[in-house]
Amino acid sequence: MEQKIETGGPAFPCHADIIPSKDRDYAGMTLRDYFAAKAMQGMAGSPRYCEHGWDQADLAAQAYKIADAMLKAREVKHEQG
């Protein structure tokens, strides 16, 4: 059984009246995608990551690991109040 990936919901939510009901689940990128894109942008420009000799797939995988950690950190913060 596949593990469900937490996405954090939409990165840029908008009012439900703007998006037709059938498309609400596909209203743009998720917060996880947004975090991964930001992480990858920083990594791609960093000499530290370039020295690893990683290809694009390696960078993308690492970016999603960072995004997942960011989502987890948000959960902890929300649990603590």
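**Entry 1: Arg-32.** I looked up the burial of Arg-32 in this predicted model and got 14% relative accessibility, so Arg-32 counts as buried (buried is under 20% relative accessible area, exposed over 50%, partly exposed in between, with a 1.4 Å probe and protein chains only). Arg-32 sits in helix α1 (helices are DSSP runs of H or I with at least four residues, strands runs of E with at least two, numbered from the N terminus). I then listed its contacts (heavy atoms within 4.5 Å). Leaving out residues up to four places away in sequence, Arg-32 touches Ile-5, Glu-6, Thr-7, Tyr-64, Ala-67, Asp-68 and Leu-71.

**Entry 2: salt bridges.** I searched the whole structure and found one salt bridge (a side-chain nitrogen of Lys or Arg within 4 Å of a carboxyl oxygen of Asp or Glu). Asp-68 pairs with Arg-32, and the closest N and O atoms are 2.5 Å apart. Asp-68 belongs to helix α3 (residues 56-80) and Arg-32 to helix α1, so the bridge ties together parts that are 36 residues apart in sequence. Asp-68 is partly exposed, at a relative accessible area of 32%.

**Entry 3: helix α1.** The 14 residues of α1 should span 20 Å, and its end C-alpha atoms are 20 Å apart, which agrees. I noted Leu-31, Arg-32, Phe-35, Ala-36, Ala-39 and Met-43 as the buried residues of α1. Viewed down the helix axis, these buried residues fall within an arc of 130 degrees, so they line one face of α1 (the arc is taken over directions from the helix axis to the C-beta atoms). An α-helix has 3.6 residues a turn, so residues three or four places apart point the same way.

**Entry 4: whole chain.** I counted three helices and zero strands in the protein chain, in the order α-α-α. Of its 81 residues, 17% count as buried. Among contacts between residues at least 6 apart in sequence, 46% join residues at least 24 apart. The accessible surface (Shrake-Rupley, 1.4 Å probe) comes to about 6600 Å², with 54% belonging to carbon and sulfur atoms.

**Entry 5: confidence and conventions.** I read a mean pLDDT of 79 for the chain (the predictor's confidence in each residue, from 0 to 100), and 73% of the residues score at least 70. Confidence is highest in helix α1 (residues 31-44), at a mean of 91, and lowest in helix α2 (residues 47-51), at 75. Residues are numbered from 1 along each chain as its sequence is written, and side-chain values use heavy atoms, without hydrogens and water. Local features need pLDDT of at least 70 and side-chain atom pairs 80 or more, while totals for chains, interfaces and linings use all residues.

Key:
Expected span 1.5 Å × (residues − 1).
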